[in-house]
Structures are given as structure tokens and as C-alpha cells.
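Please have the sequence and the structure open while I talk.

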Amino acid sequence: MKHNLILKVVSKFLIPLIFLFALYVQFHGDFGPGGGFQAGVIFSAGIILYALVFGVDSAKKVIPLHILRVLASLGVLIYAGTGVASLLLGGNYLEYGVLASTQLAGQHIGIIVIELGVGITVMAVMLIMFFAFAERGRPIEDVEDKEGSQ
Amino acid sequence: MDLIIGHYNYWLVIIIMMAGFYTVISRGNLVKKIAGLNIFQVSVFMLYISIGNVKDGAVPIIEKGVTLYSNPLPHVLILTAIVVGVATTALGLALVVRIKEAYGTIEEDEIHNQDHSL
Amino acid sequence: MIESHLSLLIVALPLLAAPIVAVLPNGRMPWAFSTLVSWAVFAMACLQLINVSTGNVISYELGGWAPPWGIEYRIDAANALVALIVAGIAAVTLPYALKSVEKEIPQQQHSLFYAAFMLCFTGLLGITLTGDIFNLFVFLEISSLSSYALISLGKQRQALTAAYQYLIMGTIGATFFIIGVGLLYAMTGTLNMVDLAQRLPELYEHRTIQTAFAFIMVGFALKLALFPLHLWLPNAYTYAPTVVTVFLAATATKVAVYVMLRVVFSVFGFTFIEDTPTDELFIILCIAGILMMSFYAIYQHDAKRLLAYSSVAQIGYMMIGIGLGSALGITATLVHLFNHALMKGALFMAIGAIVYQIGSSRIEDFSGLGKKMPWTFAAIVVGGLSLIGVPGTAGFISKWYLILAAIEQQHWLIVVVILLGSLLAVIYVWKLVEALYFKPATESSKTVSVQEAPLMLLIPTWLLVLANVYFGFNTELTVGTAETAIQLLLPGTNK
């Protein structure tokens, strides 16, 4: 991990772009291709890239595990909660039309909020999975050095 | 001839499906089994996406001057199935990691021997 | 307001509860919260069954999209009954879970354990209530994935391999199911069960439909552990934590049997099944399954494994009813589905109470415990009698209807097999009773200072035991609801 200057420089340049693209996919998902699943995976890919280049421990400082766990639950709650909100507003479960004054606006708000929930959960769950696997066994950064001695 | 070339995507589906299924059944290595399971599931994704294709249909995004679209529903269904597949793979591999820690091996017959020699 | 959204809230409440439970601090909070949720769901399931008990059908449009375009939740007497038993078992299992989970699962995993439990509960309820065949797949995977995780939490390392084996076989089953669904969608262009049932009859001769049917049948036969596709079940039930075994043994396979019933009778229609060799195949496999698995059960040394093999045999009884395809046969299937959940729930809970006290489920360690744990022992005796099918217990009612159905169609072989199966059940239940009561207590360190199980374990066990006796005398709920369900599943039969 000492002589990866190129990797570090390139990823510092790439990671913000990855996040930006993730947000684009997230919020463009209502009228174009995209949505929460894809955006969540892209967003988590940015953080995983950070973890691969700068080490898992420093990535965990950016997003600690307990926060990820809360985020994963929060996303599901946003999704299910939107359903409950539409129930309370007099519609059926997940009937977005009642969320705003007009049907179209309601559908719009509904899908944006739902996809946000999906995006948060997918992002958090992908990272939890990555960290869970990365934690087990040898630390990733030492692989090259140890293989010679085995 | 048309049966083979005209339906080439379905033939591919069948070949991939059987390759994956055979891997799951025949391999003793637990990771290879998961890989086989993934290949098996991918064939189903291909099957659904083939179903959704409409001849000469455009990408299902509303655009001016386009009247014929492909069917987007199978894509949505398969998006769900892909997520399920990711979850299954993650859980399966996590179990393999735990099995490796508990038994020291990921070969099915060695695990079997350990359980029955006790 | 709750009234009109009842069918949805039953599924949505545990779904909402799962993420909340996951972030609650470890301790008793997650347990208390899930227990309350399960009681609320049970109450709603009761209300719902009352709503549909007259034979009407409730349709709930998810998101306000009308079927067949939107996802529809369709509740009739059949699935209201299954939802009731799933919710009922959860409502009884969760109070039992407190002590048992504290002993078997590490403290720091408690909130995640209950979250997974809630997800599994959501999945099973979703499968029963949905009217959309792809939605059914999604709920199937929710319940399966969480149950793989729950099984792997068992104390012994074999729990990991059992969960892995179940994961592989369960995923193959579920994938077969979506292949079948995909082929159905390709032919009909719909995923709604009612819509499918209307469009399928004209396509009966089509080979794609027959292939789809074969895929769906094999897929679900794997899920419900129909002999000889049961290989995942004994290990999974033996090594899972007690609470998980109780819950899965009483609900998971039952829900799969219900799906089989729904697919065979509501989606394809029995006329289609009769043209294929499926019904004969079911009966042959069930007969082989009942006899072989009962024999297997007799030779087991582990009480949980013994009951697991007995479960595979009992699934044979349920599937025979589907194979017969008559009104009486379906009644027997639905009633046995309900009753078997009660008896296996009670038996696994009682065994779980012994495991709680001595830390082992091997039958040889049980000697002499009957006198030290009289209430647990009595629960095993009554549960065992119900499993055998002694008059006065719930097991008798379902076997009685099954025998009537077999006699009606003059399938004498089935009658003989059912009686033989009951005799074999006498032997394996006796094996438990003999070890518990008639063998002298060994002076091993494990059993010397054993006392009766704590009340928190005994009360749920006895609730299920008493339910076994109650439904052995009062058949209004089980048989009555099943007969209402038949009017919808087999239109044209007059009762």
C-alpha cells in the first residue's frame, strides 16, 4: 500500500465523480433509466473503491458500521412509511396519487421518496456485506507480502 | 434451421441453465456450487429479458415519434430477481466463510467425513 | 379505516417492525416489540378470517392500481385460515422465545435475530395473502433468505452446513418456480392469479404451459419437502435454534403446501392436473414418503431429527389430499395443514423445553426425565397422541377426513397406508415416551439436578397442546372454514 501513488491520485479524482453519477442516477430515475437499486450500488462502489485503495479501516471512519445498520433500516422504513403515509391520507397502501394535490404530482413525490429509501438501503447493505467479508481473515493490504512467505 | 437460429437466445438460456445446474449438482467445492447457482440464475434473467423483447420495439422510454416499445415489465421483475440473487450469493458465501472457520475446509466430502467420524 | 386495510396491514406491520427491531438495543426490547407485533397481527388475522368466513372474497389493490395490472391481495377462506395459523404460531412462539433465545443465541445478536424472525414472518404472511404470482416469489425469497440465516444461528457447527444445504436446494426450488412463472407470463401476458386462471384453459394443450406447470410443481415440491425432495429438512430442523425449529416446522412447509393447493386448484384448475400424471405421481410419492419417512423416524437417536422425519411423513398426508382432488381431499389437506402446525409446534416446544434444561436433544439423554419434568412429559404425550391420530385430538379429525376422501374414491391402498403410517407413528412416539418415563434415570451429570422447565416455556407449549385437544372436539373453525374454501377452490361442487 506504500507505492500506489497512481491508484491514490486516480481514485481521489474518480470517487467524487462516482458519487455524482450515483446521485444523477438516483434523482433522474423517475423519468429516465435509473433508480434506487442502481444508484445505491454505484454509491457504495465509490466507498468500496476508497476502502480498497486507502484501507478498510479508514473507510470505516468515513461510515462506521453502526451508522450503516441504522441507514439500512432507515431505507426500509422510508419505503414502508410512505405506504403508511398514503394510508393515512386516505389512499391504499403505496398509492402515491394521494400524497399531493394532483395525481401526477403525487406519483412524482411518491416514486422519488420510495427510490430514495431503496437507494439508502441498497447502499448501506452493499457496504455492510463488503465490510463483513473484508473483516474476516487476513487484512486486504497485506496479501502481496504474505503470499511470498507462505 | 429457423428453430435453432431464430430462437438462439432460448437455446443459450437452456445451455447456460444446464451448465449452472450441473455445476451445482456435481461440484463438491462449496464456492463452486454458489458460482453454479449464480450461472443458473443468470439463465433465468436471460429468459425473462428475451420474453420482454418486442420485435422492432424501442427502448421503453417515452420519446417523440416512437410508437412501438419493448415490454419493460420483465425487466422490472428481473431487477427484483437480481437483487434476490445478490442477497442469496452474499448469504451463501457468508455461510461458506463460517463453514471454513468451523471445519477448516470447503470440500463437501471432507466436511461430511468430519461430521461422521466424531 | 383499519377494517378496509386489514389484509394489507397483516403483511405490512411485521415488515415495518423488522427494521425497527434491527436498530433497537440488544436486551429485552427487541423481543417485547416483536411479541407485541405478532399479537397484533394475530388479532388482525382473526378479524380477517371472520370477514371472509361467509365465503366472500376480499380484494385489496396495492398502490391503487386495479388488477390485473397492479398487485392484488386476494383473501378468501383458504388463505385466511393459513394466515391465521401462521400468525397464531408466531404469537405463541415469540413468548416462548425469550428464555430459549437467551440461552441459545449470543446476546449481541438478539436484535438481529428478532429482525430476521419478523422478516421471515412477513414473508410467510405475504405468500399466503398475495394474489400475484411474482409477488409470491418475492415473499418466498424474503422468508427463505431469513430462514437460512436463522437456521445458521444454531449452536453446533452442523447448523452452518444445514443452512448451506437448505440455501442451495431452496434457491434451486425458487428459481424453478420463477422459470415456470416466466413461461406462464410469456404465454398469457399476466401475473395475476385470477387472470391466469381465466386465460389458461384455452392453452391447456400448449407445451409451454405444461413445461411451466412442471417447473412450478418441482420448485414447490422442493420447498415443501415432498419425498424424495426432502433432503434439506431433517438437518435444518435438527440443528436450528429451538425457536426457529418450532416456527419453521409449524409454518414454512404448511405455507408451501398452501401455495401448491392454490396453484393446482385456483391457477391451473384440477381438470388440467387430471390430464397430466401429476395427481397419480403425488399419491405414489406420498405413499412412499409416509412409509419410508416413518420408518426413518423410528431409527433416529435425536428427538428433533425424529420429529423432522415425522414432518416429512405428515406432509405426505397433506399432499395426498391434493392428489385426490376431491372436496373431501382438500378439506383433509387444509385441516391437516392447520392441525399439524398445532401438533408439531407443541411437540417441538416440549422437546425444546427439555433441550433448555439438559442442553441435548439426544433421546438417550432423556432417560428418566418424565418424572422430573411431568408437565413437559404430559405435553409430549398429548402432542404424540395427536400426531398418531387418537380420537379426541386434532390429529384424528384430519386423518378421518383423509380416510373418508380415500374411501370415497375407493383408493383402498391409501386407507391402508394411512393406518400403517399411524401405527408407525405409535412406535416412534412410544420411543420418546419410553425414554422419558420408563427408562431409569442415568446418574450422568446432565440429568441429576433437572427440574421442570420454566413457566415461560411451559405456558406456550400448553397453549398449543390444549389447542390440539380443543380442535379435536370443536371442528367448526377448521372443517367449517375448509368447506367454505372448497366452494371457491372447486367451483361446481355442491356440498
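This is a predicted model: local features need pLDDT of at least 70, side-chain atom pairs count only at pLDDT 80 or more; totals for chains, interfaces and linings use all residues.

In which loop of chain C does Gln410(C) lie? Gln410(C) sits in the loop between helix H17 (394-408) and helix H18 (412-438) of chain C, where helices (H or I, at least four residues) and strands (E, at least two) are DSSP runs, numbered from the N terminus.

Residues are numbered from 1 along each chain as its sequence is written, and chains are lettered from A and ligands numbered from 1 in the order in which they are written.

Coming back to the backbone, most residues other than glycine have a negative phi, and most peptide bonds are trans. Gln410(C) is not a glycine, and yet its phi is positive, at about 60 degrees. Leu94(A), in the loop between helix H4 (65-88) and helix H5 (103-135) of chain A, likewise has a positive phi of about 60 degrees without being a glycine. As for their surroundings, Gln410(C) counts as exposed because it has 9 C-beta neighbours inside 10 Å, and Leu94(A) counts as buried because it has 23 C-beta neighbours inside 10 Å. The cut-offs are these: with C-beta atoms placed from the backbone, a residue is buried if 20 or more other C-beta atoms lie within 10 Å of its own, exposed if 12 or fewer, and partly exposed in between.

There is also a cis peptide bond to point out, which joins Phe227(C) and Pro228(C) with an omega of about 5 degrees; Pro228(C) is placed in the loop between H8 and helix H9 (232-239) of chain C.

Let me turn to chain A as a whole. Chain A has six helices and zero strands, and 37% of its 150 residues count as buried. Among its contacts between residues at least 6 apart in sequence, 61% join residues at least 24 apart, a contact meaning that the C-beta atoms of two residues, placed from the backbone, lie within 7 Å.

How do the axes of H1 and H2 in chain A cross? The axes of helix H1 (residues 5-27) and helix H2 (residues 36-54) of chain A come within 8 Å and cross at roughly 165 degrees, the axes being lines fitted to C-alpha atoms, for helices over the stretch in contact, with angles that run from 0 to 180 degrees between N-to-C directions. That angle makes H1(A) roughly antiparallel to H2(A), a label used for angles over 145 degrees. The residues making this contact include Leu14(A), Ile18(A) and Ala22(A) of H1(A) and Ile42(A), Gly46(A) and Leu49(A) of H2(A). By class, the contact has 15 nonpolar, five polar and one charged residues, where Ala, Val, Leu, Ile, Met, Phe, Trp, Tyr, Cys and Pro count as nonpolar, Asp, Glu, Lys and Arg as charged, and the others, Gly among them, as polar.

The loop between H1 and H2 of chain A holds Asp30(A), which is partly exposed because 16 other C-beta atoms lie within 10 Å. Asp30(A) touches His108(A), Ile111(A) and Ile112(A), leaving aside residues up to four places away in sequence. Asp30(A) and Gln107(A) are 77 residues apart in sequence, but 9.5 Å apart in space, C-alpha to C-alpha.

Finally, the contacts between chains. In the model, 23 residues of chain C are in contact with 25 residues of chain B. On the side of chain C that touches chain B, H6(C) gives the most, with 15 residues, and that side divides into 15 nonpolar, six polar and two charged residues. Between chains A and B, six residues of chain A are in contact with six residues of chain B, and the chain A side divides into four nonpolar, one polar and one charged.

Conventions
Angles under 35 degrees count as roughly parallel, over 145 as roughly antiparallel, 65 to 115 as roughly perpendicular and the rest as oblique.
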